[in-house]
Amino acid sequence: MTKKRIGILTSGGDCAGLNAAIRAVVNAASLKGWEVYGIKNGTDGLTEKPYAYEVLTVQNFSDTPWPRLSGSYLGSLNKGVKMESLDEMSKRFGEGVKALGLDAVIVVGGDGSMNICSNYCKGAGIKMVGIPKTIDGDTPITEFSIGFNSAVQVCTTAADDLNYTARSHSRALIMEVMGRDAGHLAMHSAIAGNADVCLVPEIPYTIDGVIKKLKEVKASGRNHAVIVVSEGIKTEDGSHLSNKKNLVGEAVYGGIGQYLCAEISSRYKDFQVRVTTLGHIQRSGTPTAFDRLIATLFGAKAVELLDKGETNRMVAWKDGKVETFPIEEVVADGTMLLNTNSDFVKAAAAVGMYVGEIEK
Ligand code: F6P
C-alpha cells in the first residue's frame with residue numbers, strides 16, 4: 001500500500017450532504033495511512049495564491065456535528081469559467097497541485113464542475129475522481145447526486161406549508177424553485193407536495209392551461225391552490241428571466257414566479273395570487289438520511305478507486321448500487337434534463353396536476 005496525499009474540494013453551488021462526503025473520504029483515506037488536504041473555496045484554493053488548504057484528519061469530523069450539517073466545511077465556488085481562460089486556469093491548477101504535492105484530487109461537484117475540473121486535470125496531467133452533488137439533479141449517468149434528496153425535502157415542506165396559508169386566504173400560491181434548466185427538483189417536490197400545477201423547462205406550457213387548472217380547482221369546491229414553478233422556464237413568448245449574473249457573466253435565473261403571478265392575475269380574478277421564491281434555502285437544511293448515505297458510499301468508493309489506481313472516473317448511483325464511469329462519458333452527456341416521458345411526469349399528470357402541454 002503506497003502512502004498518498006490526496007486533495008478534496010467542493011465545487012459549484014453547495015448543498016446538503018457535502019460534509020458527509022468529505023468525512024467519508026477523510027476517514028477512508030486515513031485508514032489507509034494517506035494524507036488528505038482539504039482545498040478551500042472550490043478550485044480557488046489551488047488556482048489563487050496563497051494556496052488555501054487545511055490538512056484534514058478524522059478529528060475534524062469526529063465528535064463534531066459536521067457530517068450532519070449542510071454547507072461545505074471547505075467552502076465552495078459557483079462562478080463558472082470562461083472557455084478562453086481554460087488553458088491558463090488548467091496551468092494554475094496544475095501548479096497548485098504540484099506545490100501541495102498532491103497525488104490526486106477528488107472533486108465533489110455537479111455537471112459544470114465535472115466539466116471544468118476534468119479539463120483542468122486533463123490539461124495538467126492530474127488524476128481526478130469525481131463525486132456527484134447537485135440540488136438540480138442534472139448530473140448525467142448517476143440516478144442520484146448528493147444534495148438532491150435534501151433539496152426535494154426542503155421544497156416539499158415549503159409546499160406543504162404554503163397549502164395552509166393558501167387555504168386561509170383563498171389564494172393560489174406560486175412557489176419558484178431552483179434547478180436551472182432541469183425540472184427534476186420542481187417535479188419531485190410538486191408530486192410529493194401535492195401541487196396543482198408544476199411547470200418545468202422541459203415541457204411547454206400556456207398561461208391559459210394554468211388558469212384552466214385553477215378553474216377546475218375552484219369548481220371542485222377547493223378555495224386554494226399551489227403552483228410549483230422551476231426557475232428555468234421561459235415566459236410564454238420564449239424568454240428566460242434572470243435577475244443577476246454570476247462571476248463570469250452567465251445569467252442566474254430568477255423572477256419567473258413574479259411574471260406568472262402578473263399574467264395569471266391579469267387574466268383570472270377568482271384567486272388572489274402570490275409568489276414565494278425559495279432561493280438558497282433549498283441548498284441548506286439538515287441533510288436527509290439518503291443524502292448522508294450516498295455521500296458516505298460515494299466517498300468510500302472514491303478512495304477505493306484511488307487505491308486501485310483507477311482515476312478520471314466519477315462515482316455514480318446506478319441501479320441501486322455504486323458504480324463508476326469515465327468522467328469524459330459524464331461530461332459528454334451534458335446536462336441531464338427531466339425525461340418528459342418519465343414515470344414522474346406521467347404520475348403527476350395521472351393524479352390531475354397540470355404539467356404543461358403534454359400528449360395525453
Ligand atoms: O446549481 C445549483 C444552483 O442552486 C441552481 O439551482 C441555481 O440556479 C444556481 O445554483 C444559483 O446560483 P448562485 O448560487 O450563484 O446564486
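Predicted model: local features only at pLDDT ≥ 70, side-chain atom pairs only at ≥ 80, totals over all residues.
1. **Layout.** In the contact, 14 residues come from domain 1 and 14 residues from domain 2.

2. **Where the ligand sits.** The ligand lies between domain 1 and domain 2, because both give residues to the shell around it.

3. **The shell.** Around the ligand stand Asn78, Ile135, Asp136, Met178, Gly179, Arg180, Glu231, Val252, His280 and Arg283. By class, this shell has 3 nonpolar, 3 polar and 4 charged residues.

4. **Polar atoms at the ligand.** Asn78 has a polar side-chain atom 3.2 Å from an oxygen atom of the ligand. For His280, an N or O atom of the side chain is 2.9 Å from a ligand oxygen atom. For Arg283, a polar side-chain atom lies 2.8 Å from an oxygen atom of the ligand. The ligand exposes 400 Å² when taken alone, and the protein buries 85% of that.

5. **The domain interface.** Domain 1 and domain 2 bury about 1,000 Å² between them. Carbon and sulfur atoms give 59% of this area. Lys79, Ile135 and Asp136 supply 51% of what domain 1 buries against domain 2, more than any other three residues. Ile135 and Asp136 also belong to the ligand shell.

6. **Contacts across the interface.** There are 0 salt bridges between domain 1 and domain 2. There are 6 residue pairs in polar contact. On the side of domain 1 that touches domain 2, the residues are 4 nonpolar, 5 polar and 5 charged.

Key:
Residues numbered from 1 in each chain as written. Heavy atoms only, no water. Near = heavy atom within 4 Å. Polar contact = N/O pair within 3.5 Å; in protein donor to acceptor, adjacent residues only side chain to side chain. Areas by Shrake-Rupley, 256 points an atom, 1.4 Å probe, with all protein chains shown as cover. Nonpolar A, V, L, I, M, F, W, Y, C, P; charged D, E, K, R; others polar. Domains from an automatic or database assignment. Contact = heavy atoms within 4.5 Å. Buried area = accessible area lost by both parts, 1.4 Å probe. Salt bridge = Lys/Arg side-chain N within 4 Å of Asp/Glu carboxyl O.
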